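Have the structure open as you read.

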Amino acid sequence: MTAQASSSGSVPASTGTVTTAVPARLDRLPWSRWHWMIVIGLGTVWILDGLEVTIVGNVAGRIAEDGSGLDISSAQITGLAAALYVAGACSGALFFGWLTDRHGRKKLFMITLVVYLAATALTAVSFESWWFFLFRFLTGFGIGGEYAAINSAIDELIPSHYRGRVDLIINGSYWLGAIGGALLSIVMLDTDIFAKDVGWRLSFALGVVLGLVVLLVRRHVPESPRWQFIHGQGEKADTLVSSVEREIEREKGEKLPPPAGEITIHPRKSIGFGLIAKTVFGRYPRRAVLGLSLFIGQAFLYNAITFGFGTILITFFDVPTGSTGYYFAVIAAGNFCGPLVLGHLFDTVGRRIMISSTYLLSGILLFGTAWLFDRGSLTATTMTACWCVVLFFASAGASSAYLTVSEIFPMETRAMAIAFFYALGTAAGGISGPLLFADLTESGVVGDTVLAFQIGAGLMCAAGLVAAFLAVKAERRSLEDIAEPLSTAAPDAPGTAGSGAKTA
């Protein structure tokens, strides 16, 4: 027999266990100012990431010119530097992901932002190519940690009815930063305003200033109550959720309904890599295949092709270096509109239909774009329009990859699962992609660029087919219902997975 918790708290159920209604209490909350604070404090970092990556892509041509202050080629920036950025992100995701599951979401999403800001600031003062490469890697290291810490916290704090759309829009907000970076690069590359060796440095410096503002807001974002009760901090979780409930009741002017249920768990301090791997690949092999497929498809498409979009415009359409930002701002707008317009459908129509359709549509449309480009039927404007349509669907699909891996594995493995699939998928598509694509676009041969388009399109279509068969029905369901926590153990076997765990 276990003691029953009241609807407002977490109480010991028996020796070594705790019964809590915290997940149900969080999921039944209506949307409020508190949730907006979380979205602003955590989600805005993607805007910085988009600003960062876009600036690098658009100023690559200028940094490669004589008088920029660096002896570096455009191919090295869009190829080697881009690959190092992604390699850093993969490494940072794994390193900080492990720390996030072990030490909490809040500590790590503060640390990772500081790492990102410091590395970006030091990129701005690059004086040799090796310095630029080093701090591109470290900037990526911080961003990779952000992916794990932020997506974990968002999914655990946002009510289940809104989780899909909020996660997609937050991940899609990357492209708001991309729009800003594209337009900013136009000003910073204008030699009538800034010297060649100054403008690109100020672009990075502005990202640091914006990041400091985000850091100030993020101080008010709380620890995840779900993480707290799993790690033996049930009283803290109860106190936090109670304060949020009171705040929302005052805001809405009405009492909240009672929570739908409770869960009994064995609190534990940490989970080893062995148990994480056994859980992900042993208990959920189909979900593991799904996560890898989604990440590899979107990683190759985005890291390989959008890194080199400015180079394509310059090489094949003779667009001046200082004007590529206008075109990139357009495709970035298409990217942001995708999750914004389609996001709510992931919560209503459902994950399987929406994930598979967005991947398949973007892949098919990219094949069409490659065919038109090969025929010589496109101009810089129509090429941009095609990309805008492709990425409208691709962006929603890519954002859903992060949503998927953050909700289909147990609570204790969430940050590491995000980190693992991001790192492995991105290593496959995001490191090899920029290196390969830089060579293909630099060749100036239309057929080489067409080949890169077709590879990206093929991988997106393949991922879409995998999702059609393996995607999990996670819409509007509690995280604990989608994947039972490892800490929900049989009373006679503390610290082991319960026999009633669902598998898929």
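## What you're looking at

This is a predicted model, so keep that in mind as you go through the details.

## Helix α18

Start with helix α18, which runs over residues 380–407 and has 28 residues. From its first C-alpha to its last it reaches 40 Å, close to the 40 Å expected at 1.5 Å a residue.

How much of α18 is buried? Mostly it's covered, with 24 of its 28 residues buried.

## Salt bridges

Side chains of opposite charge can pair when their charged atoms come close. Here the count comes to 18 salt bridges. One of them brings together the side chains of Asp 238 and Arg 25, at 3.0 Å from N to O. That pair ties distant parts of the chain to each other: Asp 238 belongs to helix α11 (residues 234–252) and Arg 25 to helix α1 (residues 22–27), 213 residues apart. Arg 25 counts as buried because its relative accessibility is 0%, and the cut-off for buried is under 20%.

Glu 249 has a salt bridge too, with Lys 255, where the closest N and O atoms are 3.8 Å apart. Is Lys 255 buried or exposed? Lys 255 is exposed, because its relative accessible area is 66% and exposed means over 50%.

Then there's Asp 481 with Arg 477, whose closest N and O atoms are 3.0 Å apart. Both partners are partly exposed: Asp 481 at 32% relative accessibility, and Arg 477 with a relative accessible area of 22%.

## Aromatic rings

On to the rings: the structure holds 25 aromatic pairs. Ring pairs also build a cluster out of Phe 281, Tyr 284, Phe 409, Phe 420 and Phe 421.

## A nonpolar patch on the surface

Which residues form the nonpolar patch on the surface? They're Leu 436, Leu 451, Ile 455 and Leu 459, and together they have about 280 Å² of accessible area. Helix α20 (residues 446–470) gives the most to this patch, with 3 residues.

Ile 455 lies in helix α20. With 30% relative accessibility, Ile 455 counts as partly exposed, because that value falls between the 20% and 50% cut-offs.

Note on methods:
Residues numbered from 1 in each chain as written. Predicted model: local features only at pLDDT ≥ 70, side-chain atom pairs only at ≥ 80, totals over all residues. Heavy atoms only, no water. Patch = residues over 30% accessible without salt bridge, like charges linked within 9 Å, V, L, I, M, F, W, Y side chains within 5 Å. Areas by Shrake-Rupley, 256 points an atom, 1.4 Å probe, with all protein chains shown as cover. Salt bridge = Lys/Arg side-chain N within 4 Å of Asp/Glu carboxyl O. Helix = DSSP H or I, 4+ residues; strand = E, 2+ residues; numbered from the N terminus. Buried < 20%, exposed > 50% of the residue type's maximum accessible area, 1.4 Å probe, protein only. Phe/Tyr/Trp six-rings, centres within 6.5 Å; stacked < 30°, edge-to-face > 60°. Expected span 1.5 Å × (residues − 1).
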